[in-house]
Amino acid sequence: MKRFFLTLSILISIVLLSCDKIEEPYKNTGQSGGETEVTTRKVLLEDYTGHTCVNCPAAAKLAGELKDLYGDRLIIIAVHAGHFALPSGPPFDLDLRSDVGNEWNSIFGIQGYPSGMINRTSPGGQYIQSVGNWATRVSDIIDDPTMADLKISTSYHQESRRLDISLETTFKVPVTGKPKIQLVITEDNILGAQHNNNSTIGETPIIYDFVHKHVLRAAVNGNLGEDLYPEQGNVNVGTTYEHDYSITLDPDWVADNISAVAFIYNASDYEIYQVEEKHIMD
Amino acid sequence: MKPNLILLIILITSLRIVAQQESVQSDIPHVMIRNLNGQQFNTADITNDGKPMILSFWAIWCKPCLKELDAFNEHYLEWQEETGVRIFAVSIDDSRSTARVAPYVNGKGWEFDVLLDANSDFKRAMNVNLIPHTLLLDGNGKIVSQHTSYFEGAEFEIYEKIKKIAGLN
Amino acid sequence: MPSILFYVVLTAQNPIDNARINGSFQIDAQFYQPDEGIGITDSVIAGRKVGINGYGNIIYSQGNFSGGIRYEAYLGPIAGFDAQHEGNGIANLWASYQTSMIEITAGNFYEQFGNGLILRAYEEWALGYDNSLNGMRIVFRPISGLTIKGVYGTQRFYWQKFERNNRGIVRGLDAEFDLNELISPLQSSGTRVQLGASAVSKYQRDADPIFNLPENVGAFAGRLNITKGKFSLMTEYSHKINDPSILNNFIYKDGHAVLSSLSYSERGFGVILQLKRVDNMYYKSDRGTTSNALDISFIPPINRTHSYSLTGKYPYATQPNGEMGMQFQLNYRLPRGSKLGGQYGTNIAINFSQVNDIKRNPINDTTEINQDGTLGYKSGFFDMSDHIFFRDFNVEIDKRFSTKWKAVIQYMNLYYDIATIEGKTGYEPVKANIALADITWRMTSRKSIRLELQSLFTSQDKGDWAAAMLEYTIAPRWFFTISDQYNYGNPDKDSQNHYYTASLGYTREATRLALTFGRQAEGVVCVGGVCRVVPASSGIMFTLTTNF
C-alpha cells in the first residue's frame, strides 16, 4: 500500500515538474537580425481575410508585428476572399476581392478565416496555417539559405498609368522540375470598415476607418503565373532568366500605395523558392 | 528435443485451460463504467444467474430512449415474474448531464439497474452507433438479438424474444 | 517442431471459437441539388453534388486481449463538416491487454479524467469531432478502491499525421480513491465517498520570435463525490498554469474551472442545482489552432439539451475564456389517481439556467484588458459580469390520458447572445418564446401516430418560426414522417421559406436505413458540448447503420 502511494506521488511530481512558468517580459519587440547580405532568403506570408471576419484584425496585427521584426525579409499579401469578403451593404461596401485571390482561395481550399500560408509550405501535408502558428512557421524557415535571387525593376508612367516591370531570376542551387514565376500587384493602406471583436486592437464590433494593408489586387501573368522558361528540363544554376511585363493600373488604385510582388515556386507542390517586393514609387 | 516436448505439453495444457475458461465467455467486454452512486462498475458484472437480460443504451436528451425505458418500466415487474429478466440501462450522458441522471431516474422511479458510461467507453466496446440501442442477452451473456431505435409498441416484440430466450415459448 | 505446433493450433480450436469479433458500420450520404428559394445556387454546390461520410469499426477480442481498427472515409465530407475531413484511411488502430489489476493499451484510445475538465479524449461522429489520443495508456488497480491511470500521446487532427513539432504532446495522470472500498469500516456505510486527483501536462516547443512561450503547460484537478441516501454532491476544481494561445489572445494568466452539483431525489421527485465558473480555460495541444479540434480539456455546458427542432434552434456552447453559470431542474410526478395526476399520473419538469460572462478588471492603469503579452486581466472568484450569454427557462408537462393517448407540452423562454455564441459580432441577442405540443396516438399495439406542433416567437435574428411534424410508426420496423419548418417571420420577405421534408426509415435488428427528402434549414447542431454549424441544404439524405 505504502509503495503504491510513494509511486503515485513520484509520478505526480514528475508531471508537476514539467511545467514552465514564464516570467516577464512575455513579448519581444523590435528588429531582429537585420540584413546581412544584399540578397537573403525572403518569406511570403499570405493572410486570407475578409472585412466581416471578426478575428481578422488580430491576424493583421500579428502579421504587422512580424513585419516589424523581420523588415524586408518578410513579404505580406492580404488575400480578401470567401464569404467574409463579400460586400454586404453599408458600411461594408468595399469589394477587395480579386480573380487571382478567389482562385488561390479555392486551390488551397481555404474555408476558415483568418488563416494563412507561409511560403506555401505544407508541413505534415497542411498548407493552411492557423494564425497562432504563423510566427513559429516564419521563424522556422526565414534563416534557410537562399535558393535563388530575384530582382524587380519597375518604371511607372503617371499619365498613362502604365507600369512596366522586369524580373531577373538566378537560381543558386539546383532544383528538380521546372519552376513557375508569378507576378502580382498589391495595394497598401486602403481605408474601409472592418468587423472586430478584439478590444485591444480597436473598436468593437466595427472599426470604421480600418487600414487594410498589402491587399492583393491583380495578377499580371495569370492566376498561377507562368513557366520560368519555355524549354524542357531542370533549371540552370547561374543562368539569369528575364521577364518583362506591363500593366495599366486600375483608376481606383492609388499609385503611391502600389507594390509589385513576384515569386518563383515549385510547380508541383507550390512551395515558394524566393519572393521579392518592390514599391513602384521607390 | 526434450525441452521442446515439455514446451509442447505446456502449450497444449495452457490451450486447454484457456478453452475451458472461455467456453462460458460472454459477449460483454470488460469495461469500467460507473453505477448511479458514481462508483466503478465492471461490465463483466452484467449477469443474471443464467436468466435473460436486456441491455439498453440511452441518454437523457434522447426522447425515444426515455419512451422505451418508460415502457420497460411499466412492464418490468410482470416481465420479471414470468421470465426473471433483468434490465440494465446504460446512460451515455457525458459530463454535461451525468449529474442529472440520478435525480431523473429516481424521480421517474425506474426499478432497473442504471449505469453511467460518461465517455462512451462501453458503447464503443459494444460497437453501438446510435441510441436507443437495445441488446437481448441470454443467461450466459451471449447476444441473441439487438435493435436500434424505438417506436411505440416495440416492447412487445422485445418481450416475445425474451420469453423465447427464457424457454417459455 | 513447427509442424507439430501448427497441428496443435489446428486441433485446439476452442480458443479460436471463443474469440469474438464485433463491429459496426455507418454511411451518411447527402445528394445536393440547387434550390434558389433558400439561396443554394450552382455556385454554392460548386460541383460537389454528393457528400458521403462513412466508417467501419472492428474489434477483436480473445481472453484478456483485444484489438481494434477503425476506417473512415469522407469523400467529400457532407455539408457543415470542416473541409479538412476530406480523406480516407485508418483512423484508429489499437491493441489492449487487460487483467483485473492492470490494463495496457497501445495505439489510439479515448479517455476522461473526472468530468473531463483537464482531459477528455472522445469522439462524436455526428459532429465530426474526434480528439483521440495516439499513444499509450496504463490503468492500474493495485487494490480495491484505488485506480491509477497514466496516459501519453498526441491528439488526432483530422488526417494530419503527427510529426516532430507540428503539434503538442499530451501526458496525464489520474488517481481515484473509493473510500468505502479502501477503508473497511466504511464498506457498509450508507455514505459513499470518492476522491480523485489528476494532473496533465502538454509539451509544445517554442520557436515564436515574438512571444516567449511556455513549452510545458500543466493543469491540475481535484474532485469529490459524496452520495448519502437521497442526496448527492459532486464537485471538481481544476487549475491551469500560464498558457498563452491564439484563443486567449496570448495572455499569460492562469486559468481555472469549477463544476459543482447538488441533488436530492426520491421516487417521484428530483431536484438538482449545478454551478460552474470558468476563467481562461482553453487547453489545446496546439496553441496556434482555432479549429474545433485538439482540445485537451472539456468544459461541459450544463444547460438542458433540448430535443425538439425549435427549442434546439439556439443551443448554448461553452465559452472557455470565461463564464459563470447555474442550472436548476425540478422533476415532479403528480401521483396516479390524484386530482391533477389523473389516472396515469403526470410528470412536470421545470428547468432554469443562466450563464453570464465573468468580470475582468485591468491588471494596471496602463494595460488594456486582455492585452496580448501581459497577464491579461484580474478576475476574482465571484467577479461576475452583467453580460448575459444565455438564459433558458422551460417547463415541460408530460401526461398520459389513456392507454391510447399521451401528450407532452412545453414552454420555453430564451435569451441567447448570438454575437458571442455564434460569433455573429454586432448582432442583437435573441429573445424568444417557444411553445410546443407533442401528441401521440397509439392506434394499435404496434401502430401509432405522433404529431408535433411548435412555434417560436422572436423579433431578432430570423424572426418567427412555426414547425409541424407528423410521424407514423409501425413497431418495430417502419417509420414515415412529413414535416415543415416555416420561417414566416423573417424580416427579409424573400427569405420567408418553408423547409419541408419527407422521410422514411426501416429498422431490422441492428440495421437501420433512413431516407430524407427535402430542405434542411441552417442550424447549429450540438452534441456533448461541441457545436457545428450546418448550412442550409436541399436534396436527399441517406443514413445506413449496422452493427454485429
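The model is predicted: local features need pLDDT of at least 70, side-chain atom pairs count only at pLDDT 80 or more, and totals for chains, interfaces and linings use all residues. Residues are numbered from 1 along each chain as its sequence is written, while chains are lettered from A and ligands numbered from 1 in the order in which they are written.

**Exercise 1.** Determine which element gives the most to the side of chain A that touches chain C.

*Solution.* 
1. Contact (C-beta atoms, placed from the backbone, within 7 Å) joins 42 residues of chain A to 46 residues of chain C.
2. Helices (DSSP runs of H or I, at least four residues) and strands (runs of E, at least two) are numbered from the N terminus. Two or more residues come from each of helix H1 (2-17), helix H2 (56-70) and helix H4 (134-141) of chain A.
3. H1(A) gives the most, with six residues.

**Exercise 2.** State which strands stand at the edges of the chain B sheet, and why one side of each lacks a neighbour.

*Solution.* 
1. Strands pair if DSSP finds at least two bridges between them. The open sheet has seven strands in the order E2-E1-E5-E4-E3-E6-E7 (chain B), with mixed pairing.
2. Strand E2 (40-42) and strand E7 (143-148) of chain B are at the edges; each has a single partner strand, so one side is left without a neighbour in the sheet.
3. Within the sheet, strand E3 (residues 50-58) and strand E6 (residues 133-139) of chain B pair in the antiparallel sense over six bridges. B:Gly50 has B:Gly139 in E6(B) as its bridge partner.

Key
Two residues are in contact if their C-beta atoms, placed from the backbone, lie within 7 Å.
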